[in-house]
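Student: I have a new structure to look at. Could you show me how to read its features, one at a time?

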Amino acid sequence: GPGDHLKVTVNRRKATRHRLDPTRDPSAKDSLFGQIFGLLGHKPAGFFRTAKRLWSVVFAGEGADDVGGPYRECLAEICAELMSGVTPLFLPSPNQALNLGQHRDKYLLNPGCGSPAHLSMYTFLGRLAGGCLRGGEPLPLYLPSTLWKAVVGEAPTVADLEAVDRAVIQSMGYFRGLDRQGITEELFADCLEATFLTALSDGTEVELIPGGRGIPVTFHNRHVYADLVLSRRLHESAAQTRAFTAGFHSVVPPHATALLSWQQLEVLVCGKPDFDLEELKEAVRYEGLTPTDLRVQYLWQVLAEFGPAERSLFMRFVSGRERAMPSRLKLLALPTVGNPDTYLPHASTCFFWVSLPAYSSVAVMREKLLYAIRNCAEIDADFRVREDMDEEAPPMVGVSEGGDDEDFEDYSHLL
């Protein structure tokens, strides 16, 4: 009811085991996304219509007080799962798989996930995206332009398909222009035995027209075949897209996004994929340090040399987000005993603090920071892992009245 705040308990060790071998559980119920969906998938759209955090997180066996960091970490891990093949909902784009064309980081909605259970997951993800937009929490999802166009009511084009599958555009273009390559009708008939079938992104073979399996592609109908292939591929995930869009619009009504371009909506939902280093320098706050401190200068130099992937890891290290660097980042001096070069930087994702040892060189800063952001993104200074935790502890949901800091009773019997 009003004033209630939901707290969920999720088991990251279960999620890690699933990530190591997703084939053991194709439903992905033990993934972090699967656990959250199992707890909150039944929630009505009104649950997501808030500018506050949607829930607070307890990581089973980890002593983390959620004043923002674990929540953002939970969202980041959910997105990392969805964009990695840990769940069946998304597939690497052909451009990614073939290392071809642009936008090789995109993941496509799986056309094979058309069951009611799968579609309800897409609807839940749409609601989650809408709720995070309202609450100002970016979701680092790398989804195709066709999805964002559907949300803003814009029709997709062949250019959207090329952005994720350049190979099919090239092959169909070559197919259309065979006559310009000197291929005659007779040579075409001798060399090609194809029917009106095509493979979708998940490898499923489908008929392009009723009875297409028995209809041969000929020199004269090849243009029709190419048009049908491109159209089918462009709309292969229409049901999944509708489910996501319906979920999103149940939280953020269509008129609220009608004046946005699809690119603007993507940035609003997912955040900027990178941050402006000069803007970060101007906005950062210091405690026990000054802008001229050597360790601060080393940090700026290292960040300037980082590529997009490393900068994304740095964002997640300090904020629990892969995108949208917080403007209130604070740099602190990390007290050390003995050689500071033996220490790693510390981060508090709840408060956007980074504590830096007095490293002896920019090379040491680079080495230690890279190690920290690559290996410590999921266990920062907020977390204390208990050795006695039950690895089979189930996910749970609870309710506290009156705010985040109140003790709460576990309502696992409601699951």
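Student: Where do I start, and what secondary structure does the chain have?

Tutor: Start by counting the elements: this chain has 17 helices and twelve strands. Keep in mind that the model is a predicted one.

Student: How much of the chain is buried?

Tutor: Of the 415 residues in the chain, 49% are buried.

Student: How many disulfides does the structure hold?

Tutor: Zero disulfides are found here.

Student: How do I read a pair of helices, and at what angle do α15 and α17 cross?

Tutor: Look at the axes and then at the residues. Helix α15 covers residues 294-305 and helix α17 covers residues 362-375; their axes come within 9 Å and cross at roughly 65°. The crossing is right-handed.

Student: Which residues of α15 and α17 meet?

Tutor: From α15 there are R295, Y298, L299, Q301, V302, L303 and E305, and they meet V362, M365, R366 and L369 of α17. Sorted by type, the residues of this contact are seven nonpolar, one polar and three charged.

Student: What about contacts across the whole chain?

Tutor: Take the contacts between residues at least 6 apart in sequence: 69% of them join residues at least 24 apart.

Methods. Residues are numbered from 1 along each chain as its sequence is written. This is a predicted model: local features need pLDDT of at least 70, side-chain atom pairs count only at pLDDT 80 or more; totals for chains, interfaces and linings use all residues. Side-chain values use heavy atoms; hydrogens and water are left out. Axes are lines fitted to C-alpha atoms, for helices over the stretch in contact, and angles run from 0 to 180 degrees between N-to-C directions. Helices (H or I, at least four residues) and strands (E, at least two) are DSSP runs, numbered from the N terminus. A crossing is left-handed if the near helix is turned anticlockwise from the far one by less than a right angle, and right-handed if clockwise. Contact means heavy atoms within 4.5 Å. Ala, Val, Leu, Ile, Met, Phe, Trp, Tyr, Cys and Pro count as nonpolar, Asp, Glu, Lys and Arg as charged, and the others, Gly among them, as polar. Buried means under 20% relative accessible area, exposed over 50%, partly exposed in between (1.4 Å probe, protein chains only). A disulfide is a pair of cysteine sulfur atoms within 2.5 Å.
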